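Please consider the protein chain shown below. The paragraphs that follow lead from a single side chain to the aromatic and charged pairs, and then to the chain as a whole.

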Amino acid sequence: MSTDGLIVVDKPGGMTSHDVVARIRRLARTRRVGHGGTLDPMATGVLVIGVGRATRLLTYVIGAGKSYAATIRLGQATVTDDAEGEVVATTPAGAVTDDGVRAALAALTGEIDQVPSAVSAIKINGQRAYKRVRDGETVELPARRVTVSRLDVRDIRRDAPDVVDVDVDVTCSSGTYIRALARDAGAALGVGGHLTALRRTAVGGFTLAEAATLDQLEQRAPDVVNLPLDAAAARFFPRRDATADETRVLSHGGPLAPAGITGPYAVFDPAGGLIAIVSERDGRARAEIVLAPA
């Protein structure tokens, strides 16, 4: 069986995030596998997978900032805001200027209120929005505050009549929909827009540079974890080293004296093993999750 830890996977197109989890369960020979943030089937790139006790770290991974390389097509709107959905409106975009494109995208940077795509995994009264849309319902989701810290235009291409393809790099907060950025840029320009390509290049500090393909993982199975639990926590969180006495207290869920570290942070025992993820409140350092072996 694989050790507890994280795997940075380069997800291929055409698979759901759950498909990847199912494959890793088989390769790692354990059911205890989860992912740290859904990627649409069309999308490729960084998908962080947790195995064993490291699945408990995924709630923090899901909340981390993300980076993407994407292509926006102006001149066509689709029901899903990406290339997987049916085209519902076509408006010639040939007259849209490069300066106009850049201005529309610049308006979508910083803190913005974004309405998620209706065909999304967000739940409405317990049912996924995309299922309601597929069942013929009209779904209106409330706007949510997200942060787009970087939206750089890499290229503007006019390879086909009446459409403009815009290659962008995006860094944003968790919960940002890149296809909603494509939709909103197209709407601002009056021509409609959707996403034709999406590749996630980073989740927190985890990047494509360390990502493994499923074929590569297949070749080294069941030894598929590339970041054991201790190393994964050291990479992702601020660090605090505990004494033997502190280790004993924290391992049993007790509080420690504060260390003045902005949390959550990882606490390690004298041998370098991960004990817990901790945050400080009310003058004490308390475990959010205890990860020391029972």
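Is F236 buried, partly exposed or exposed, and what is its relative accessible area? F236 is partly exposed, with a relative accessible area of 23%. Here buried means under 20% relative accessible area, exposed means over 50%, and partly exposed lies in between, with a 1.4 Å probe and protein chains only. The model is predicted, so local features need pLDDT of at least 70 and side-chain atom pairs count only at pLDDT 80 or more, whereas totals for chains, interfaces and linings use all residues. Residues are numbered from 1 along each chain as its sequence is written, and side-chain values use heavy atoms, with hydrogens and water left out.

The aromatic side chains come next. Three aromatic pairs are found in a search of the whole structure. Rings of Phe, Tyr and Trp (its six-membered ring) pair if their centres lie within 6.5 Å; planes under 30 degrees apart count as stacked, over 60 as edge-to-face and the rest as tilted. One of these pairs joins Y60 and F237 edge-to-face, at 5.1 Å centre to centre and with 85° between the planes. Because Y60 lies in helix α2 and F237 in the loop between α7 (229–236) and β15 (239–241), this pair ties together parts that are 177 residues apart in sequence. Helices (H or I, at least four residues) and strands (E, at least two) are DSSP runs, numbered from the N terminus. Both Y60 and F237 are buried, F237 having a relative accessibility of 8%. F237 also forms an edge-to-face pair with F236, in which the centres are 5.3 Å apart and the planes make an angle of 75°. Y60, F206, F236 and F237 together form one aromatic cluster.

The charged side chains may be considered next. Side chains of opposite charge can pair when their charged atoms come close. The structure holds 19 salt bridges, a salt bridge being a side-chain nitrogen of Lys or Arg within 4 Å of a carboxyl oxygen of Asp or Glu. In one of them, D4 pairs with R53, and the closest N and O atoms are 2.9 Å apart. D4 lies in the segment before β1 (5–11) and R53 in the loop between β3 (44–51) and α2 (58–62), so the pair ties together parts that are 49 residues apart in sequence. Both partners are partly exposed: D4 has a relative accessibility of 22%, and R53 one of 23%.

A further salt bridge links R150 with D152, with 3.1 Å between the closest N and O atoms. R150 is partly exposed at 31% relative accessibility, and D152 is partly exposed at 35%. In the salt bridge between E246 and R240, the closest N and O atoms are 3.5 Å apart. Here E246 is partly exposed, at 22% relative accessible area, whereas R240 is buried, at 9%. Salt bridges also link R23, R26 and E218 in a network.

A242 lies in the loop between β15 and α8 (244–251) and is buried, with a relative accessible area of 8%. Its C-alpha atom is separated by 6.5 Å from that of V267, 25 residues away along the chain. Leaving aside residues up to four places away in sequence, A242 touches T247, V267, F268, D269, P270 and I275, where contact means heavy atoms within 4.5 Å. T80 lies in the loop between β5 (76–78) and β6 (87–90), and at 11% relative accessibility T80 counts as buried. The C-alpha atoms of T80 and A180 are separated by 9.3 Å, although these residues are 100 apart along the chain.

The protein chain has eight helices and 18 strands, and its C-alpha trace spans about 70 × 45 × 40 Å along its principal axes. Of its 294 residues, 47% are buried. Among contacts between residues at least 6 apart in sequence, 68% join residues at least 24 apart. The chain exposes about 13400 Å², of which carbon and sulfur atoms supply 49%; accessible areas come from the Shrake-Rupley method with a 1.4 Å probe, and for residues only the protein chains shown count as cover.
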